[in-house]
Structures are given as structure tokens and as C-alpha cells.
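Please work through each task before reading its solution.

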Amino acid sequence: LLRSPPAPRAADARVHACITCASISCPSLRPQAYRAELVDGQMTDQMQALLRNPQKGFALDQGTGVATLSKVFDWYRADFARTSGSVAGFVAPYLPSGQRSY
């Protein structure tokens, strides 16, 4: 997935929601194996699941307008920015529609 040539997913920042250290603060492990014919949808699901989890991925205080993101987005900022210009630009399409404007 990441190392075997031509490593088609190495440049896909969604991989940071898929391959994790399995610690409590990391994105949750997927309960099924990744499959070549499903991997694009599985990666999107993983990113959406991470961002729906306020303890792990994304928390929004609508009263103050303050959003908090997982440290994953800080650690791999360059990967997300390379894909979408910024972390916010990357994250927005994966958020529920009511939270995208923040």
C-alpha cells in the first residue's frame, strides 16, 4: 500500500486515518481488511469516522467557534496541505455539512 512500487496510496493523505499505531488517541482501527477493489471508499470512510469522533479527530465548540483537530493533522500537515492547500481545505469535505463553515 505504501512501499511497494509504484506505491499508489503513498501520496494520499487519507492514509493517516487508515494506518495507525492503535493507541487510544489514534484513529480507530478498521474492523475489516483493506481490499484493493474497495480501498478508495474504505479510506474515505476512515477519514469521515475519524472526524466524526470528537475525542479523536474533530471537536467543535459552536459557542466559541473553536475547532480542535487530532494531532495527526499537525504531525502530517505537509501531506494534507500538499493534497488540498491546507489542513482546513483537506478536512472540510469530510466533515458533516453543518460543520464545514467553521
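**Exercise 1.** In this predicted model, determine how far apart the N and O atoms are in the salt bridge of Asp79 and Arg82, and where the two residues lie.

*Solution.* Step 1: the side chains of Asp79 and Arg82 meet in a salt bridge, at 2.9 Å from N to O. Step 2: both residues belong to helix α3 (residues 77-84). Step 3: they are three residues apart, about one turn of the helix. Step 4: Arg82 has a relative accessible area of 56%; the cut-off for exposed is over 50%, so Arg82 is exposed.

**Exercise 2.** Classify Asp12 and Arg14 as buried or exposed, and identify the network to which they belong.

*Solution.* Step 1: a salt bridge joins Asp12 to Arg14, with the closest N and O atoms 2.7 Å apart. Step 2: buried requires under 20% relative accessible area. Asp12, at 15%, therefore counts as buried, and Arg14, at 5%, is buried as well. Step 3: salt bridges link Asp12, Arg14 and Asp40 in a network.

**Exercise 3.** Classify the two partners of the salt bridge between Glu37 and Arg35 by accessibility.

*Solution.* Step 1: the N to O distance in this bridge is 2.2 Å. Step 2: Glu37 has 53% relative accessibility and counts as exposed. Step 3: Arg35, at 46%, counts as partly exposed. Step 4: the count for the model comes to seven salt bridges.

**Exercise 4.** Describe the faces of strand β1 and its pairing with strand β2.

*Solution.* Step 1: β1 (residues 58-61) has Phe58 and Leu60 on its covered face, whereas Ala59 and Asp61 are on the uncovered one. Step 2: β1 and β2 (residues 66-69) run antiparallel and are joined by four bridges. Step 3: Asp61 stands opposite Val66 in β2. Step 4: the two strands form a hairpin with four residues between them. In its turn, Gly65 has a positive phi of about 75 degrees.

**Exercise 5.** State how many aromatic pairs the structure holds, and classify the pair formed by Phe73 and Phe80.

*Solution.* Step 1: there are three aromatic pairs. Step 2: the ring centres of Phe73 and Phe80 lie 4.8 Å apart, with the planes at 40 degrees, so this pair is tilted. Step 3: Phe73 counts as buried at 2% relative accessibility, and Phe80 is buried at 0%. Step 4: Phe73, Phe80, Phe90 and Tyr94 form one aromatic cluster.

Methods. Residues numbered from 1 in each chain as written. Predicted model: local features only at pLDDT ≥ 70, side-chain atom pairs only at ≥ 80, totals over all residues. Heavy atoms only, no water. Salt bridge = Lys/Arg side-chain N within 4 Å of Asp/Glu carboxyl O. Buried < 20%, exposed > 50% of the residue type's maximum accessible area, 1.4 Å probe, protein only. Pairing = 2+ DSSP bridges. Phe/Tyr/Trp six-rings, centres within 6.5 Å; stacked < 30°, edge-to-face > 60°.
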